[in-house]
Amino acid sequence: MSRVVKISDLESQLMSRIDPDDLIEVDKVMRYIAIVKQIRKLQTAINKGGVMTTTINGNQEFTKANPAINELNKLTKTLITLENSIKFEMFTVPEKNKDAEKDNDGPDVSDLY
């Protein structure tokens, strides 16, 4: 199932994982969101124009890779670098109740390993 993440939800989640008083980290999140928006626009352009484009120059016609793909790759690398530089606070996942797992009709996962 493919689902598009809303920009506002992404921003809210990122902001909840940083110190809101650290302006540098807030700025990083804002830059991250701006890059995500640019990536989505580039992806839309690639989807519309295709991965390959045909250029006509006088009598010549040639096919080449859509230049938006290079930009998409550059922005993706920048996004990953920025994401790695953000100081996320610890995010804890609630533990599962062991008794609830015993009521499951499926095989015990610990038996598989």
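Of the 113 residues of this protein, 19% count as buried, where buried means under 20% relative accessible area, exposed means over 50%, and partly exposed lies in between (1.4 Å probe, protein chains only). This is a predicted model, in which local features need pLDDT of at least 70 and side-chain atom pairs count only at pLDDT 80 or more, while totals for chains, interfaces and linings use all residues. Residues are numbered from 1 along each chain as its sequence is written, and side-chain values use heavy atoms, with hydrogens and water left out.

**The whole protein**

- The protein has 4 helices and 2 strands; these are DSSP runs numbered from the N terminus, with helices (H or I) of at least four residues and strands (E) of at least two.
- Among the contacts with a separation of 6 or more, 52% come from residues 24 or more positions apart; contact means heavy atoms within 4.5 Å.
- Carbon and sulfur atoms hold 53% of the accessible surface, which is about 9,400 Å², by the Shrake-Rupley method with a 1.4 Å probe, and for residues only the protein chains shown count as cover.

**How α2 packs with α3**

- Two packed helices are described by the angle between their axes and the distance between the axes.
- Helix α2 (residues 23-49) and helix α3 (residues 67-85) pack at about 160°, and their axes are 9 Å apart. That makes α2 roughly antiparallel to α3.
- Axes are lines fitted to C-alpha atoms, for helices over the stretch in contact, and angles run from 0 to 180 degrees between N-to-C directions. Angles under 35 degrees count as roughly parallel, over 145 as roughly antiparallel, 65 to 115 as roughly perpendicular, and the rest as oblique.
- Residues of α2 that take part in the contact include E25, Y32, I39 and I46, and those of α3 include A68, L75, L82 and S85.
- The residues of this contact divide into 12 nonpolar, 5 polar and 5 charged.

- E25 lies in helix α2 and is buried, with a relative accessible area of 2%.
- Leaving aside neighbours within four places in sequence, E25 touches I18, S85, I86 and K87.
- M30 also has its place in helix α2, but M30 counts as partly exposed, at 35% relative accessibility.
- With neighbours within four places in sequence left aside, M30 is in contact with E11 and M15.
- From C-alpha to C-alpha, M30 and L14 are 9.5 Å apart in space, and they are 16 residues apart in sequence.

Notes: Nonpolar A, V, L, I, M, F, W, Y, C, P; charged D, E, K, R; others polar.
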